[in-house]
Every structure is written in C-alpha cells, then in structure tokens.
Amino acid sequence: MKLLTGYIFLIAGITFGIVANGYFLKASEGFTKFIPSILGILIILLAYFSLAKAMQIIPVGFTYATYGGLTTIGVTILGLLKFNQIPNLYASIGIILILIGVVMVNYFGNLAN
C-alpha cells in the first residue's frame, strides 16, 4: 500500500473520531441514551479500524500523534460551533501547541532517522 492510502485511512479515522466524540458520545449523556451510545461505539470502532489500516503504512507514533492531535482540535472546533463552548486563552494556546506538535511530528519527525 502507498503512503497516500495510509493518509486516506488516517483522515477517515480522524473524521470518525470527531463524529463519534463530538456528536454521539456527547448526545449519549454518559451512555444513558441507547441509540447515541450504540452509534458512538460503532463509529469509534470505525475510527480504530481506520487507524489500524493507517498503521500498516505510517509509523505508529506518527499515526497516533496525528490522530490524537487533530481529533482533539476537531472536537474543540465542533464544540465551539455546535455547543458554543468557547475555549479560554490557555486552552486556545494549548490547541495551537497541539497543532504545532502535529506539524512537527509529520514534517520533521523522521529527519533523525
């Protein structure tokens, strides 16, 4: 499989992670609502399937760092837009640092090899 295929699976995993966490797990209200709970579980399983496929091509550290960082940023943006959850200054700085970390891992992380 080619590197592009790995990144397509990674993008799918990030998208599924944002949808599962930002929509369904929030709507499940602590797993007290059946349908959102089941949908959240199924979609997070799709996210992990996509990550497993991506990890066949992309190194595990890069894959998970990118997934974790971009999913966190995506859910934060979704919370801002959908739920009007505005991050404070420190949270905003943290999100920017996460983004910088994702860029560093993906563009400069393999220079030491």
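The model is predicted, so local features need pLDDT of at least 70 and side-chain atom pairs count only at pLDDT 80 or more, while totals for chains, interfaces and linings use all residues. Residues are numbered from 1 along each chain as its sequence is written, and side-chain values use heavy atoms, with hydrogens and water left out.

**Exercise 1. Classify the ring pair of Tyr-48 and Tyr-67, and state where the two residues lie.**

Step 1. A pair of aromatic rings is described by the distance of the centres and the angle of the planes. Rings of Phe, Tyr and Trp (its six-membered ring) pair if their centres lie within 6.5 Å; planes under 30 degrees apart count as stacked, over 60 as edge-to-face and the rest as tilted.

Step 2. The structure holds two aromatic pairs. In the pair of Tyr-48 and Tyr-67, the centres are 6.4 Å apart and the planes stand at 80°, which makes the pair edge-to-face.

Step 3. Tyr-48 belongs to helix H2 (residues 34-54) and Tyr-67 to helix H3 (residues 60-83), so the pair links distant parts of the chain, 19 residues apart. Helices here are DSSP runs (H or I, at least four residues), numbered from the N terminus, as strands are (E, at least two).

**Exercise 2. Which type of pair do Tyr-64 and Tyr-67 form, and how accessible is each tyrosine of the cluster?**

Step 1. The ring centres of Tyr-64 and Tyr-67 are 5.7 Å apart and the planes are at 45°, so this pair is tilted.

Step 2. Both Tyr-64 and Tyr-67 lie in helix H3, three residues apart, about one turn of the helix.

Step 3. Ring pairs link Tyr-48, Tyr-64 and Tyr-67 into a cluster.

Step 4. For accessibility, buried means under 20% relative accessible area, exposed over 50%, and partly exposed in between (1.4 Å probe, protein chains only). Tyr-67 has 6% relative accessibility and therefore counts as buried. Tyr-48, at 44%, is partly exposed, and Tyr-64, at 42%, is partly exposed.

**Exercise 3. Describe how H1 and H3 pack.**

Step 1. Two packed helices are described by the angle between their axes and the distance between the axes. Axes are lines fitted to C-alpha atoms, for helices over the stretch in contact, and angles run from 0 to 180 degrees between N-to-C directions.

Step 2. Helix H1 (residues 3-27) and H3 have axes 9 Å apart, at an angle of about 40°. H1 and H3 are therefore oblique to each other; angles under 35 degrees count as roughly parallel, over 145 as roughly antiparallel, 65 to 115 as roughly perpendicular and the rest as oblique.

Step 3. The H1 and H3 crossing is right-handed. A crossing is left-handed if the near helix is turned anticlockwise from the far one by less than a right angle, and right-handed if clockwise.

Step 4. Contact means heavy atoms within 4.5 Å. Residues making the contact include Gly-13, Gly-17, Gly-22 and Lys-26 of H1, and Tyr-67, Gly-74, Leu-78 and Phe-83 of H3.

**Exercise 4. What surrounds Phe-83?**

Step 1. Phe-83 is located in helix H3 and is partly exposed, at 30% relative accessibility.

Step 2. Apart from neighbours within four places in sequence, Phe-83 is in contact with Gly-22, Lys-26 and Leu-78.

Step 3. The charged end of Lys-26 sits over the Phe-83 ring, 5.3 Å from its centre. The rule requires NZ of Lys or CZ of Arg within 6 Å of the ring centre and within 35 degrees of the ring normal.

Step 4. Phe-83 and Gly-22 are 61 residues apart in sequence, and their C-alpha atoms are 9.7 Å apart in space.

**Exercise 5. Is Ser-50 buried or exposed, and what does it contact?**

Step 1. Ser-50 is in helix H2 and, at 4% relative accessibility, counts as buried.

Step 2. Leaving aside neighbours within four places in sequence, Ser-50 is in contact with Phe-9, Ala-12, Gly-13 and Phe-16.
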